[in-house]
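Please keep the sequence and the model in view while reading.

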Amino acid sequence: VDPAEWLDRARLALREQGFVKVAALGPKPLRSTVIHQLVAEGYDATKSLVRRNLGEQLRTVLKNGTFMPLKTTHTFLVGATAPEAKKAALDLVRKGQARLVLRTKVETLVPTTTDVVGREELRSTREALAGIIKHLQPLVKPTSQTTLLRSDLQALMDQIPTVKRAVGPEQRAHRLFAAIDATRDERLGLSFVPNVVRSLAPDIDVETAHALLLEASRRGLLELRPESGLGRLSEQDLRDCPPGPQGTRLSWARRLSSGGDR
Amino acid sequence: MTAWFLEAVHANPWGDEFVDLPALNASASDAIETAIRNVRETARTKPTALRSTCLTVLGPAGAGKTHLFGRLRARLGPRAVFVHIRPLVGTEMTPRFVLHEIVRQLGFVSGEVRQIDALVGALVAHGTGNSTGFPRFFIEDTAHLEPKVRAEKLEGILSRLLETWQELDEGYLRCLLAVPFQKSPSDRALLSWLSGRELDAVQLERAGATAALGEEIVVPALKSLAAAASVGAPIVVVFDQLENLIDRERESSRLFAYAQLTTDLVDTVHGLVIVQMALDTEWDRGIEPSFNLAQRSRLGMHRHLLGLPTPKEREDLLRLWVDRLPDKPQPFPWPLGERLLARFCGEAGMTPRMLLIALRQALDEGPVVPTADGGESDVEPARDAMEEENRTGDALSATWDEYLSSARRLLDEVADQKRCIDPWRLTDAILSALRFVPGVEPLDVRASRPAQVRIVRGSSEIHVSLLHQPHHKSIGAALTKLLDLARTHEVVVVREGAQEFPPTWSDTIARRSALLREPKAQWLSLEREDAARLLALDEMLRAARSRDITDHAGRALEEDNVSAWLRASLDVASWTLSKMLRGERTDQDMTDSRDASAPTGRPSSGLVLSALTRLRLLSLDRLMREIVRVEPSATRASILSELDSLSDRVRWVGRSIVYLREES
């Protein structure tokens with residue numbers, strides 16, 4: 001009766017299948033020790049099984065660019081019920097590690113690097129459309145004999161904020177690096193992140209810019225550095241910098257030649 | 001479970017213990033090492049082409065700038081002399097200050113060899129055509145020679161140096177070469193003299209000098225030191241935490257003065273390796289813009305931007321630390337777990353300091369346990385804002401205590417050497433304290449004036465003199481100048497209580513009495529605890545500027561937050577010096593300000609008898625030190641008064657040795 005042997009078996013099953021049933025964790029007296037150790041290593045434990053952390057599973061799926069309808073998220077995961085999967089997905093959205101979009105009538109979970117319409121843009125589009133509808137309402141009544149000049153209708157339609165063209169992931173990454181290069185302080189070799197974010201606007205909103213920066217950092221193409229200046233960031237600068245570890249703000253970016261190479 | 005390096009969140013440049021990942025920022029340390037090698041090679045092969053090099057190392061807080069200093073010390077050992085200088089902020093740095101720091105740190109041990117021994121030993125080895133890698137051997141070898149033979153050998157080395165570089169100062173070099181072969185305490189006295197520090201009569205005699213190093217000798221002394229060291233163990237001067245020179249509150253010339261000093265060092269002193277270290281983002285926004293073109297071209301010669309550790313380097317670093325932990329219940333990645341390890345290795349913006357803090361937290365709080373519902377429990381639990389504030393306050397309080405203890409140790413050290421704190425340190429400390437004293441503003445500082453600091457209170461100007469001199473003649477001269485000044489201006493003279501004038505200095509005491517008869521003159525006997533608080537405050541503010549003060553969770557605190565805590569917690573305005581500068585009545589006013597010829601301190605409550613019983617026979621100075629350690633408020637006057645009251649049991653030898661008579 002060796003807990004280490006059962007632990008190794010469980011780890012192997014978790015690596016290969018993503019979950020292991022509690023009943024398969026050895027004789028009953030050993031199980032709590034094995035479960036405790038697995039939980040300490042970062043796995044989730046439920047009453048009946050031990051599985052890979054759901055947030056981690058979701059992040060792995062999203063990393064591949066997969067779009068997941070919220071209702072069927074559990075089908076992309078292992079060892080999770082539908083409510084558990086939905087809760088984990090919404091947690092991820094709350095933490096800013098995924099986006100929730102409405103496609104036709106289906107709420108869908110998408111990666112943060114996806115080009116989505118920002119909240120401000122949504123609000124202004126809705127307001128402009130409401131204004132036009134209000135203007136047209138009396139004209140479409142059956143009793144009405146009034147119409148509009150075509151040029152006036154065009155002027156009304158022009159009030160709708162320009163719908164930005166969708167930008168593909170590769171194009172966005174290309175624009176990010178172009179912005180980093182354009183804003184680089186040549187002597188210091190660093191780009192000020194708020195300047196990068198501003199130069200990407202309005203086509204890429206702040207949240208997407210942050211996601212792109214963090215993704216590039218994760219891929220070892222970019223080094224994001226914490227601000228250690230003497231209180232030099234304005235309120236707007238602080239909003240434009242992605243949050244870093246231990247309460248810092250990542251205010252400077254440095255391009256790495258390849259994969260973490262300096 | 002603790003290990004020493006977990007407490008060393010901020011690198012100690014002179015720490016003995018050292019954990020290093022050589023691959024991390026290897027390019028910066030390699031560049032400095034190459035510069036050292038180049039200086040040595042040039043000094044040996046083309047001495048006339050010898051020049052100084054300046055490198056700039058920039059990085060965010062916690063990236064490992066100060067750590068590089070330790071790495072180079074560990075890697076090069078005695079093959080270079082290392083000098084770590086944190087800039088003065090109240091006083092402009094001068095060549096004398098740099099000389100003082102270089103020679104002071106020659107007395108430090110690096111690579112198990114005292115740096116002065118490394119310098120002279122390497123010089124002796126090179127002079128006799130040997131390898132300079134084992135300087136201690138050559139010091140010991142030379143020390144065993146007959147004095148006459150040794151003197152001839154050292155003279156030969158000196159002659160060769162002077163043949164190569166004619167502008168070097170012969171007298172200074174002769175003294176420098178002699179230091180390792182002097183017995184203690186003469187070697188300390190000689191080093192003090194070489195550093196440009198003023199000495200008292202006894203130390204002057206030990207150093208074989210009649211006066212302190214003159215101002216005209218300072219630059220030749222620097223040249224001599226740099227050139228002599230360059231052939232064996234070149235001197236590496238590291239100016240660290242340069243962001244402290246930025247003054248955002250008022251127009252200040254200290255950055256320009258710093259740049260001028262280092263430019264002059266590069267131009268006129270040959271054979272130095274100068275390394276400047278600062279926060280990367282402050283260098284371009286606050287430091288370099290203050291330099292003129294000539295200064296920029298010299299100081300910005302070679303720039304190295306420290307990178308953050310790559311995921312692989314982060315894992316290696318964590319593994320290195322965990323391997324050094326005693327009593328590990330499990331192998332790495334304990335205590336982090338796979339998931340936390342992956343997070344720390346992948347998270348953007350992680351500095352080595354942040355990693356160390358994260359590891360420390362994991363050890364303190366246990367491994368992070370994910371919840372069964374898929375949520376992440378490694379997000380900090382939401383705490384009450386008030387509780388957070390309290391915990392941060394506790395952390396700041398603990399930090400303050402550390403700085404206070406460190407200041408007390410320094411004061412004990414200088415008291416043992418029978419001298420006052422270096423005036424520039426006390427000047428910086430007073431200026432730092434003034435930030436928290438309402439109604440008082442610093443005007444300017446000039447080290448050459450008898451009253452170095454001028455401050456403004458309302459419409460009046462107050463001249464503050466830091467009377468730090470150890471020699472009675474220098475003090476007498478300063479008091480005479482202060483007497484003239486006190487006839488027209490308000491003067492506050494500050495002298496450390498631990499360095500009260502001995503009763504034998506009757507002329508000095510008379511001059512002080514004459515000064516204090518002037519209505520505009522005031523005397524502050526700065527007690528040990530008051531001095532410790534001033535020094536601790538200054539150190540803590542500097543650390544805050546460099547983002548070295550952290551909260552309970554290890555997060556770097558903003559300078560403003562630290563200042564706010566200091567303001568709320570310390571009540572600096574009620575400190576004795578602050579009260580005096582604000583024109584308020586202090587405790588000392590009530591006891592001894594107008595009776596300087598016989599100051600009456602607080603009673604030492606039988607401590608004198610206790611110390612005499614324990615030690616039997618000792619000097620008055622030693623007795624004072626013993627009493628002051630236990631009762632910081634005790635003064636020389638109070639101790640003498642208690643000795644008088646014990647006249648039936650106490651006997652004197654001359655006026656300085658005292659002993660307890662055996663009871664029959």
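Predicted model: local features only at pLDDT ≥ 70, side-chain atom pairs only at ≥ 80, totals over all residues.

Residues are numbered from 1 along each chain as its sequence is written, chains are lettered from A and ligands numbered from 1 in the order in which they are written, and side-chain values use heavy atoms, with hydrogens and water left out.

- Helices (H or I, at least four residues) and strands (E, at least two) are DSSP runs, numbered from the N terminus.
- Strand β12 (residues 521-526) of chain B has five of its six residues buried, so the strand is largely enclosed by the rest of the structure; buried means under 20% relative accessible area, exposed over 50%, and partly exposed in between (1.4 Å probe, protein chains only).
- Strand β11 (residues 490-496) of chain B runs parallel to β12(B), and six bridges join the two; strands pair if DSSP finds at least two bridges between them.
- Within the pair, B:Val494 is opposite B:Leu524 of β12(B).

**Nonpolar cores**

- The largest nonpolar core has 106 residues, of which B:Leu225, B:Ile235 and B:Phe239 touch the most other members. Such a core is a set of buried Ala, Val, Leu, Ile, Met, Phe, Trp, Tyr and Cys residues joined through side-chain atoms within 4.5 Å.
- Helix α11 (residues 215-230) of chain B contributes the most to this core, with eight residues.
- Apart from neighbours within four places in sequence, B:Ile235 has contacts that include B:Val81, B:Leu119, B:Leu225 and B:Val273; contact means heavy atoms within 4.5 Å.
- A second, separate core of 46 residues includes B:Ala407 and B:Leu537.

**Salt bridges**

- Over all chains there are 62 salt bridges, each being a side-chain nitrogen of Lys or Arg within 4 Å of a carboxyl oxygen of Asp or Glu.
- A:Arg255 pairs with A:Asp181 in a salt bridge, with the closest N and O atoms 2.7 Å apart. A:Arg255 belongs to strand β10 (residues 250-255) of chain A and A:Asp181 to helix α7 (residues 169-182) of chain A, so the pair ties together parts that are 74 residues apart in sequence.
- A salt bridge also links B:Arg408 and B:Glu529, whose closest N and O atoms are 2.4 Å apart. B:Arg408 is in helix α18 (residues 385-416) of chain B and B:Glu529 in helix α22 (residues 528-545) of chain B, so this pair ties together parts that are 121 residues apart in sequence.
- B:Asp444 and B:Arg449 form a salt bridge (3.0 Å, N to O); B:Asp444 is partly exposed at 22% relative accessibility, whereas B:Arg449 is buried at 18%.

**Contact between chains A and B**

- Chain A gives 46 residues to the contact and chain B gives 51 residues.
- About 3,800 Å² is buried between chain A and chain B, with carbon and sulfur atoms giving 49%; buried area is the accessible area (1.4 Å probe) that two parts lose on being put together, summed over both.
- Three salt bridges are counted between chain A and chain B.
- A:Glu227 and B:Arg285 meet through their side chains in a salt bridge (2.9 Å, N to O).
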